[in-house]
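Here is a briefing on one chain, grouped by topic. Read it with the model open.

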Amino acid sequence: MSNRALFATKIGVIATSVGSAVGLGNIWRFPYEVGVHGGGAFLMVYIICILLIGIPAVTSELIIGKKTHKNSFGAMRELGGSSWKWVSVIGIVASLMILSFYSVVAGWTMEYLMQSVTGGLFKSSAAEYTQAFATFTTDSYRPVIMVLVFLALNHLIIMAGVEKGIEKISNILMPLLFVILLVFCVNSLFLSGASEGISFLFTPDFSQITPSVVLGAMGQAFFSLSVGLGCLLTYASYFPDDTPILRTSATIAGLDTMVAILAGLVIFPILFTFQGGDFIAGPKLVFEVLPNIFTDITGGRYLSILFFMLLFFASITSTISMSEISISFFMEEFKISRMKAAAFSTTIAVVFGTLCALSFGPLADVKFFDLTFFDFFNRVSSEIMLPIGGLLYVVFAGWFLDKKILRAQLAVKDNAVSHAIVSFVIFCIKFVTPLAISLIFLYSLGVFG
Ligand code: PHE
């Protein structure tokens, strides 16, 4: 343990963890979820989920990682013994699955970034953008090349190590990401549809709150915070011992939510100004609708470059955290070098990433349980493995972890945190959070229809 890496600075602790949390989930998925779930009502439920589920779940993982300074498997073995260590395996497998499909979308953002730079992206009608996106994603080579290039960049960073790779790149990219997002925000707030967009985001219409909104918000909170698969646990194993757990959890959750809201403040004014508030779902929003809108805005080409850069930065600081889960596991449990462990993780991601990249074109008809590779990896990891993993980590921290460890970890540098807050978080970890996660899980299995 003595020669194991630690993040060198306090800023590094926050930049890396927030770098993991802030990703495509915030900038691309969150605005779409808000859009389809009725605006302000979704935001309100989402914030409640972050507070009651997100922060306790993040806290549980941070405690386990920081206490042991081990990879997720080693950490669970040390604290929980021979049966609990298997919980980490769900997360290790899920992290490789998420890495595979997520890198495909990250590859698309790189393609669109390059096309924005060359100018090849810009077309003259909405139909042409739709066509261009379909032609690109169904191609047999281009999306594969982009996923490989993306994974190669990801590989270079993780090879450079915890401090020189992960921490350094996060320290550079995260502030840049905030600056770019603020530039966009200011830009959006001057648009004619700004007030409509803002009121859509912030005015809750309580009649819109249905069970599916609540459960959608919980799922989004999970994915967005990178919680449930031992990702934050792994990063916390690199935290110096005097890192305050609760304050760090609150900062991760606060900044992650802030980025999601800022993304909403960028996108809704644009949609209300140029599309009359028409919310087009998922990948289309970013890859078809926004480029079309950028053509109409002065300086749109530069905005487009900045936007895809933003998505790219957000993606790569998330994928390095997904990679680190399995890398630290391979390194420490099989006693191999970082180089070999990284080669192993990247090879797996290359194979499955390629299959996912081809699932829109040549492999569109290859299905498991009626789902393409991409959808299968996406759905099984985020809807099944992530909630189960998250539930088990929280239940472990709340019911099986030595109470003294729990309290002692929560007490590190807690002079600003009152007893009442600590007790409330423990109450959530024991009762509220496991119950809520169980509901998401049952919902995703279709138990509620
Ligand atoms: N939180 C990341 C995002 O919002 C995704 C992620 C999930 C990262 C799981 C790491 C682990 O894009």
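Asp370 counts as exposed, because its relative accessibility is 66%, over the 50% cut-off. This is a predicted model. Asp370 sits in the loop between α15 and α16 (373-400). Its phi is positive, about 70 degrees, although Asp370 is not a glycine.

**Positive phi**

- Most residues other than glycine have a negative phi.
- His69 also has a positive phi, near 50 degrees, and is a residue other than glycine.
- The loop between α3 (40-68) and α4 (72-80) holds His69.
- Is His69 buried or exposed? His69 counts as buried, because its relative accessibility is 6%, under the 20% cut-off.

**Helix α2 against helix α12**

- Helix α2 covers residues 24-36 and helix α12 residues 245-274; their axes come within 9 Å and cross at roughly 65 degrees.
- That angle makes α2 roughly perpendicular to α12.
- The α2 and α12 crossing is right-handed.
- On the α2 side, the contact is made by Asn26, Ile27, Phe30, Pro31, Val34 and Gly35.
- On the α12 side, the contact is made by Asp256, Val259, Ala260, Ile261, Ala263, Ile267 and Phe268.
- The residues of this α2 and α12 contact divide into ten nonpolar, two polar and one charged.

**Helix α8 against helix α14**

- The axes of helix α8 (residues 162-189) and α14 come within 9 Å.
- The α8 and α14 axes cross at roughly 145 degrees.
- Which hand does the crossing of α8 and α14 have? The crossing is left-handed.
- The residues of the α8 contact with α14 divide into 20 nonpolar, three polar and one charged.

**Salt bridges**

- Side chains of opposite charge can pair when their charged atoms come close.
- How many salt bridges does the count come to? The count comes to six salt bridges. Among them are the pairs Arg4 with Glu332, Glu33 with Arg29 and Glu324 with Arg338.
- The side chains of Arg4 and Glu332 meet at 2.8 Å, N to O.
- Arg4 counts as buried, at 17% relative accessibility. Glu332 is partly exposed, with a relative accessible area of 23%.
- Glu33 and Arg29 form a salt bridge at 3.6 Å, N to O.
- Both Glu33 and Arg29 lie in helix α2, four residues apart, about one turn of the helix.
- Glu33 counts as buried, at 8% relative accessibility. Arg29 is partly exposed, with a relative accessible area of 27%.
- Glu324 and Arg338 form a salt bridge at 2.8 Å, N to O.
- This pair links distant parts of the chain: Glu324 is in helix α14 and Arg338 in helix α15 (residues 338-357), 14 residues apart.
- Glu324 and Arg338 are both buried.

**Single residues and their surroundings**

- Asn292 is found in helix α13 (residues 282-296).
- Asn292 is buried, because its relative accessible area is 17%, under the 20% cut-off.
- Which residues does Asn292 touch, not counting residues up to four places away in sequence? Asn292 touches Ser125, Ala126 and Tyr129.
- Ser226 lies in the loop between α10 and α11 (231-236).
- Ser226 counts as buried, at 11% relative accessibility.
- Not counting residues up to four places away in sequence, Ser226 touches Ser20, Ala21, Cys231 and Leu232.
- From C-alpha to C-alpha, Ser226 and Ala343 are 23 Å apart in space, and they are 117 residues apart in sequence.
- Pro211 has its place in helix α10 (residues 211-224).
- Is Pro211 buried or exposed? Pro211 is exposed, with a relative accessible area of 60%.
- Pro211 and Glu324 are 113 residues apart along the chain, and their C-alpha atoms are separated by 35 Å.

Methods:
Residues numbered from 1 in each chain as written. Predicted model: local features only at pLDDT ≥ 70, side-chain atom pairs only at ≥ 80, totals over all residues. Heavy atoms only, no water. Axes fitted to C-alpha atoms, helices over the stretch in contact; angles between N-to-C directions. Helix = DSSP H or I, 4+ residues; strand = E, 2+ residues; numbered from the N terminus. Parallel < 35°, antiparallel > 145°, perpendicular 65-115°, else oblique. Left-handed = near helix turned anticlockwise from the far one by under 90°. Contact = heavy atoms within 4.5 Å. Nonpolar A, V, L, I, M, F, W, Y, C, P; charged D, E, K, R; others polar. Salt bridge = Lys/Arg side-chain N within 4 Å of Asp/Glu carboxyl O. Buried < 20%, exposed > 50% of the residue type's maximum accessible area, 1.4 Å probe, protein only.
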